[in-house]
Amino acid sequence: MSSTLPTAPATSSDTRLTQLTTWLDTLGLVQVESRRPASADASFRRYFRLNVAPALRAKLGDTLIAMDAPPERENVPAFIHVQGLLLAAGVSVPAIVAQDVANGFLLLSDLGSTTYLQRLDVDNAPFMYSDSVDALIKFQLASEPGVLPDYDRAFIERELNLFPEWFVGKHLGVTMTPAQSATLTKVFEAIIANNLAQQQVFMHRDFHSRNLMFMDQGNPGVLDFQDAVFGPVTYDLASLLRDAYVQWDEEIVLDWVVRYWQRAKAVGLPVNPDIDAFYQDFEFMALQRHLKILGIFCRLNYRDGKSAYLGDLPTVIDYVRKTCNRYIVLKPLARLLDAFEDKVPQVGYTF
């Protein structure tokens, strides 16, 4: 997951930055001394913005982005592979200007500095989400099995297990009883069964407001796509519309889901032909993602020292509770959360 958190300042012992600077210097494409942080990332990647050499600006634009992705921790070949798939599908992605794959360095075109998260408001959201749905459908229409890793049962289980380990165990400090573990496993099975029953397409996996750049032409620019897989058709829509960083009223989300479903059906994407069943698929998929996110945000804090993501936990927990309370098979998870957080169910009163 990308973010626009400030990067840690480079230190004199920053050997990777020295390597990156030396490589950029040999290219002769950018003014190395103009380097400044472009954004930080929840992964081990770093991004720097650099001014293009004056003689090349007409061709390359005013600025380029250097990506530092330590090869022992990040998969640069996957980034290049998925960039090619998105580009071929007609989606706006950074162009690869230069590459040193062995050392984990890329020089990329600059899609600007305005994320969807920074720009979205009630007035512009309909057209901005319409643009992003168009881009998503283009990518999904290019889908072929065997091209990207499969988002299979083992993959989903690994993601779901982040929730009991990092959110329940580490963040809440709860050791589950055998009965509570059995209850959670049963809910997980219901989620997994739904997810695996969905039709499969190309899946970005982090298609949300911090990874979409607002652009005057070709909107949106799509970033952070290197973890793409072949998986459930509702996943990226759930990432987009049940975003951990921005929340919309349920009626608005339902309307956007219906609009996506109509467009997807019209172009032959394998969505559930029944809108109620499709919306349930969307909800179960969003829940799976939110449980994973609760674990990841806590892991980022406790393991990686990135505390800013804890501020987004209340939004994600709210999503989880609302979804669980809408489906009988999921309600036991809401009751578990009550027990974990030592809360009684909220009761609303009208006066």
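Colleague: Which residues form one aromatic cluster?

Modeller: Rings of Phe, Tyr and Trp (its six-membered ring) pair if their centres lie within 6.5 Å. Planes under 30 degrees apart count as stacked, over 60 as edge-to-face and the rest as tilted. One cluster is formed by Tyr129, Trp248 and Trp256.

Colleague: From which number are the residues counted along each chain?

Modeller: This is a predicted model: local features need pLDDT of at least 70, side-chain atom pairs count only at pLDDT 80 or more, and totals for chains, interfaces and linings use all residues. Side-chain values use heavy atoms, with hydrogens and water left out, and residues are numbered along each chain, as its sequence is written, from 1.

Colleague: How many aromatic pairs are there?

Modeller: A pair of aromatic rings is described by the distance of the centres and the angle of the planes. By the ring rule, the number of aromatic pairs is 15.

Colleague: Is the pair of tyrosine 151 and phenylalanine 155 stacked, edge-to-face or tilted?

Modeller: Tyrosine 151 and phenylalanine 155 are both buried (under 20% relative accessible area; exposed is over 50%, partly exposed in between; 1.4 Å probe, protein chains only). Their ring centres are 5.0 Å apart. Their planes meet at 45°, so the pair is tilted.

Colleague: What angle lies between the planes of tryptophan 248 and tryptophan 256?

Modeller: Tryptophan 248 is buried at 14% relative accessibility, and tryptophan 256 is buried at 11%. Their rings form an edge-to-face pair, 5.6 Å centre to centre. The angle between the planes is 80°.

Colleague: Which residue's side chain makes a polar contact of 2.5 Å with that of tyrosine 151?

Modeller: Tyrosine 151 sits in the loop between α5 (125-141) and α6 (153-160). Its side chain makes a polar contact of 3.1 Å with that of glutamine 288 (N or O atoms within 3.5 Å; within protein, one must be able to donate a hydrogen and the other to accept it, and residues adjacent in sequence count only if both atoms are side-chain atoms). The contact of 2.5 Å is with the side chain of glutamate 159.

Colleague: How far apart in space are tyrosine 151 and asparagine 195?

Modeller: Tyrosine 151 is buried, with a relative accessible area of 2%. In sequence, 44 residues separate tyrosine 151 and asparagine 195. C-alpha to C-alpha, the distance is 9.6 Å.

Colleague: How far apart are the end C-alpha atoms of helix α1?

Modeller: Helices (H or I, at least four residues) and strands (E, at least two) are DSSP runs, numbered from the N terminus. Helix α1 has 13 residues (15-27), and at 1.5 Å a residue they should span 18 Å. The expected span is 1.5 Å times one less than the number of residues. The end C-alpha atoms agree with that, at 19 Å.

Colleague: Within what arc do the buried residues of α1 fall?

Modeller: In α1, the buried residues are Arg16, Leu17, Leu20, Trp23 and Leu24. Seen down the helix axis, they line one face, because they fall within an arc (of directions from the axis to the C-beta atoms) of 125°.

Colleague: Which exposed residues does the face of α1 turned away from its buried side carry?

Modeller: Just after α1 comes glycine 28, with a positive phi of about 70°. The face of α1 turned away from the buried side carries Thr15, Asp25 and Thr26.

Colleague: How many residues of strand β4 are buried?

Modeller: Thr63, Ile65 and Met67 point one way from β4, and Leu64, Ala66 and Asp68 point the other way. Both sets are buried. The strand (residues 63-68) is largely enclosed by the rest of the structure, because its buried residues number 6 of the 6.

Colleague: Which residue in β6 stands opposite leucine 64?

Modeller: Strand β3 (residues 46-52) runs antiparallel to β4, joined by 6 bridges (strands pair if DSSP finds at least two bridges between them). There, arginine 49 stands opposite isoleucine 65. β4 also pairs with β6 (residues 105-109), antiparallel, over 5 bridges. In β6, the residue opposite leucine 64 is serine 109.

Colleague: At what distance from the ring centre of phenylalanine 214 does arginine 119 lie?

Modeller: A charge sits over a ring if NZ of Lys or CZ of Arg is within 6 Å of the ring centre and within 35 degrees of the ring normal. Arginine 35 sits over the ring of phenylalanine 48, 5.8 Å from its centre. Arginine 119 lies over the face of phenylalanine 214, at 3.7 Å.

Colleague: What is omega near for the cis peptide bond from asparagine 219 to proline 220?

Modeller: Most residues other than glycine have a negative phi, and most peptide bonds are trans. Proline 220 lies in the loop between β8 (212-213) and β9 (221-222). The bond from asparagine 219 is cis, with omega near -5°.
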